[in-house]
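Reader: I have the sequence and the model open side by side. Can you walk me through it?

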Amino acid sequence: MMRKVWTVVLLLTLAAASALGAEVVRKAPLFMLNDLNGNQVKLSTYIGEKVVLLDFWAVNCPPCLVVMPHVEKMWQSYKDQGLMVIGVSEDLPRNVSSVKAKVRELGVTYTIVLDKNAVALTAYQGAEAGIPFIVVIGYDGNIHQSFRRIQPGDEEKIEAAVREALGLE
């Protein structure tokens with residue numbers, strides 16, 4: 001009986017916190033994926049050292065391709081202040097040449113990794129996985145903010161989140 005009471009109290013507390021706008025802190029799921037040259041990239045390498053922006057995208061996603069130059073600009077503006085950007089391609093492994101060509105075409109210089117079978121994307125979004133999707137991870141390894149279904153104009157919100165995570169705002 002006492003266990004049921006505590007369960008109800010816990011659920012009511014969580015519901016009240018949610019209603020008041022309190023955010024639940026969520027650790028960023030760690031991953032290890034290969035970059036375009038076959039080298040392993042571990043997210044854990046950057047936790048505690050950098051603010052990390054993950055940009056989930058694909059070659060056949062026009063909204064993703066619109067966002068990428070803005071992400072590149074943020075990378076260039078804030079990399080010396082502690083930002084690490086990792087582009088997470090959701091393209092099939094057989095399309096690596098298309099990914100490389102698109103990265104060159106867009107002038108992207110940040111790290112690009114290949115997310116075979118959308119494992120990383122699913123870890124961050126669950127069953128509702130979709131792109132474009134951006135996650136800003138703080139120095140502490142917690143998800144600072146995420147952006148789904150990015151629309152034109154959201155770049156300013158994303159940059160504000162990056163600046164805040166870097167302690168610049």
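Author: One definition to begin with: a residue is called buried under 20% relative accessible area, exposed over 50%, and partly exposed in between. Ala118 has a relative accessible area of 22%, so it counts as partly exposed. Keep in mind that this is a predicted model.

Reader: Where does Ala118 sit?

Author: Ala118 is in the loop between strand S5 (111-114) and H4. Its phi is near 55°, a positive value in a residue other than glycine.

Reader: And Arg149, what is its phi?

Author: Arg149 has a positive phi of about 45°, although it is not a glycine. Arg149 belongs to the loop between strand S7 (143-148) and H5.

Reader: Is Arg149 buried or exposed?

Author: Exposed: the relative accessible area of Arg149 is 58%.

Reader: While we're on backbone details, which peptide bond is cis?

Author: The bond from Ile131 to Pro132 is cis, with omega near 0°. Pro132 is found in the loop between helix H4 (119-125) and strand S6 (133-137).

Reader: Change of topic, the sheet. What's the strand order?

Author: The order is S2-S1-S5-S4-S3-S6-S7, in an open sheet of seven strands with mixed pairing.

Reader: Which strands stand at the edges?

Author: Strand S2 (40-42) and S7 do. Each has a single partner strand, so one side of each is left without a neighbour in the sheet. On average, neighbouring strands of this sheet are turned by 30° against each other, direction ignored.

Reader: Mixed pairing, you said. In which sense do S6 and S7 pair?

Author: S6 and S7 are antiparallel, paired over five bridges.

Reader: How many bridges pair S1 with S5?

Author: Two bridges, and strand S1 (residues 32-35) pairs with S5 in the antiparallel sense. Asp35 has Val113 in S5 as its bridge partner.

Reader: And S4 with S5, parallel or antiparallel?

Author: S4 and S5 run parallel, joined by four bridges. There, Ser89 has Leu114 in S5 as its bridge partner.

Reader: On to the helices. How do H2 and H5 sit against each other?

Author: The axes of helix H2 (residues 62-78) and helix H5 (residues 154-166) come within 11 Å and cross at roughly 25°. Angles under 35 degrees count as roughly parallel, so H2 is roughly parallel to H5. The crossing in which H2 passes H5 is right-handed.

Reader: Which residues make the contact?

Author: From H2, they are His70, Met74 and Tyr78. From H5, they are Glu155, Ile158, Glu159, Val162, Arg163 and Leu166.

Reader: How does that contact of H2 with H5 split by class?

Author: Five residues are nonpolar, one is polar and three are charged.

Reader: Which ones does H5 touch?

Author: H5 also packs on the sheet, touching S3, S4, S6 and S7. The direction of H5 makes about 175° with that of S7.

Definitions and conventions
Residues are numbered from 1 along each chain as its sequence is written. This is a predicted model: local features need pLDDT of at least 70, side-chain atom pairs count only at pLDDT 80 or more; totals for chains, interfaces and linings use all residues. Side-chain values use heavy atoms; hydrogens and water are left out. Axes are lines fitted to C-alpha atoms, for helices over the stretch in contact, and angles run from 0 to 180 degrees between N-to-C directions. Angles under 35 degrees count as roughly parallel, over 145 as roughly antiparallel, 65 to 115 as roughly perpendicular and the rest as oblique. A crossing is left-handed if the near helix is turned anticlockwise from the far one by less than a right angle, and right-handed if clockwise. Contact means heavy atoms within 4.5 Å. Ala, Val, Leu, Ile, Met, Phe, Trp, Tyr, Cys and Pro count as nonpolar, Asp, Glu, Lys and Arg as charged, and the others, Gly among them, as polar. Buried means under 20% relative accessible area, exposed over 50%, partly exposed in between (1.4 Å probe, protein chains only). Two strands pair if DSSP finds at least two bridges between them.
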